[in-house]
Amino acid sequence: MAKSAKKPAAKAAAKAAAKTAAKVTAKAAPKVTVKAKAKPAKKPAVKLSMLRPSVNNMTVRVFARAAGLDPAETDAWGHTRSPEFLARNPAHLTPMIEDKGLPRGVLWESCAIMQYLANKHGLEKFYPKAPAKRAMIDSAMFYLVGTLYPYVARATYPALGFPQYAGEVGHSDAHPDKKSEAQKAAMAAIAEPLEVFHSFFRNGKPFIGGNNPSIADIRLGATLEFLAVVDYALPKWAKEYMAALEKKLGKAYAEPAGDVRGYIAHVKSQPRA
Ligand SMILES: N[C@@H](CCC(=O)N[C@@H](CS)C(=O)NCC(=O)O)C(=O)O
């Protein structure tokens with residue numbers, strides 16, 4: 001009697017244990033998945049040669065931080081034309097990354113660097129894979145580098161104390177009035193391409209990339225930072241856009257932007273020549 005009474009009790013206990021084990025397993029399984037998602041494998045540091053006051057450099061510095069790429073930065077100020085730098089990068093341009101996977105070991109041009117890193121690490125959030133969406137990001141970046149940036153450079157480089165390109169009035173020994181005329185003409189020319197970013201590329205969305213900033217947005221936001229040196233009156237949308245970009249990217253944007261803004265503040269605090 002005692003034996004037979006024990007059997008069903010043992011069965012019940014085993015059943016209960018199995019139930020508990022099932023519950024525990026069921027509870028534990030999603031926990032493991034959540035943990036794996038929360039801690040993705042750390043991406044290797046990106047070796048980046050950069051100049052702090054430059055918005056071309058700010059672009060990659062912001063992107064690397066926003067993408068969690070943990071850039072290992074080297075300040076190249078005063079070194080871009082050294083024999084050692086020129087041997088690696090005959091264009092003497094920063095930003096420049098070093099990566100063993102690259103055929104020549106280095107890569108310059110801010111947009112190409114962001115495209116490469118986004119491709120390499122599958123960062124579709126910043127650079128969509130779908131051909132049509134990607135084409136819009138590429139178009140916005142090429143339009144910026146080919147059309148908007150030359151105007152921004154001609155309008156701001158004299159005030160920033162940066163050298164201008166050979167063949168331009170600002171680079172020549174023309175009369176200061178002529179240089180000033182050229183600078184003002186460039187400043188006036190900014191409005192048209194700037195509006196194209198708003199009306200065409202953003203097209204009612206918060207960012208060129210949609211609801212989230214893309215690499216084209218990082219390139220545009222950084223570029224517009226320089227305009228503060230000439231007190232350019234940005235349209236309301238552009239001020240709101242830059243604020244939204246900084247809010248979305250947080251410290252990743254604010255830290256490199258601080259270097260550019262600091263340089264501009266320094267330049268503006270100097271007595272005019
Ligand atoms: N289009 C290039 C422009 C790069 C560029 O002009 N870099 C300048 C700083 S803003 C530079 O490194 N100059 C140093 C030199 O020419 O020696 C980009 O977007 O990366």
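## Nonpolar core

The largest nonpolar core of this predicted model has 55 residues. Such a core is a set of buried Ala, Val, Leu, Ile, Met, Phe, Trp, Tyr and Cys residues joined through C-beta atoms within 7 Å; buried means that 20 or more other C-beta atoms, placed from the backbone, lie within 10 Å of the residue's own. Val 62, Phe 63, Met 114, Ala 140 and Ile 215 have the most contacts inside this core. Helix H5 (residues 131-160) supplies the largest share, nine residues. Domain 1 (47-121) and domain 2 (131-269) each contribute at least three residues to this core, with bounds from an automatic or database domain assignment.

## Sheet

An open sheet of four strands runs in the order E2-E1-E3-E4, with mixed pairing. Helices (H or I, at least four residues) and strands (E, at least two) are DSSP runs numbered from the N terminus, and two strands pair if DSSP finds at least two bridges between them. At the edges, strand E2 (72-75) and strand E4 (106-108) each pair on one side only.

Strand E1 (residues 47-50) pairs with E2 in the parallel sense over four bridges. Met 50 is opposite Asp 75 in E2.

## Ligand surroundings

Around the ligand are Leu 51, Ser 54, Asn 56, Thr 80, Arg 81, His 92, Leu 93, Thr 94, Pro 95, Glu 109, Ser 110 and Val 145, each with its C-beta atom, placed from the backbone, within 6 Å of the ligand.

## Basis of the model

Residues are numbered from 1 along each chain as its sequence is written. In this predicted model, local features need pLDDT of at least 70 and side-chain atom pairs count only at pLDDT 80 or more, while totals for chains, interfaces and linings use all residues.

How values were computed. A residue is buried if 20 or more other C-beta atoms lie within 10 Å of its own, exposed if 12 or fewer, and partly exposed in between; C-beta atoms are placed from the backbone.
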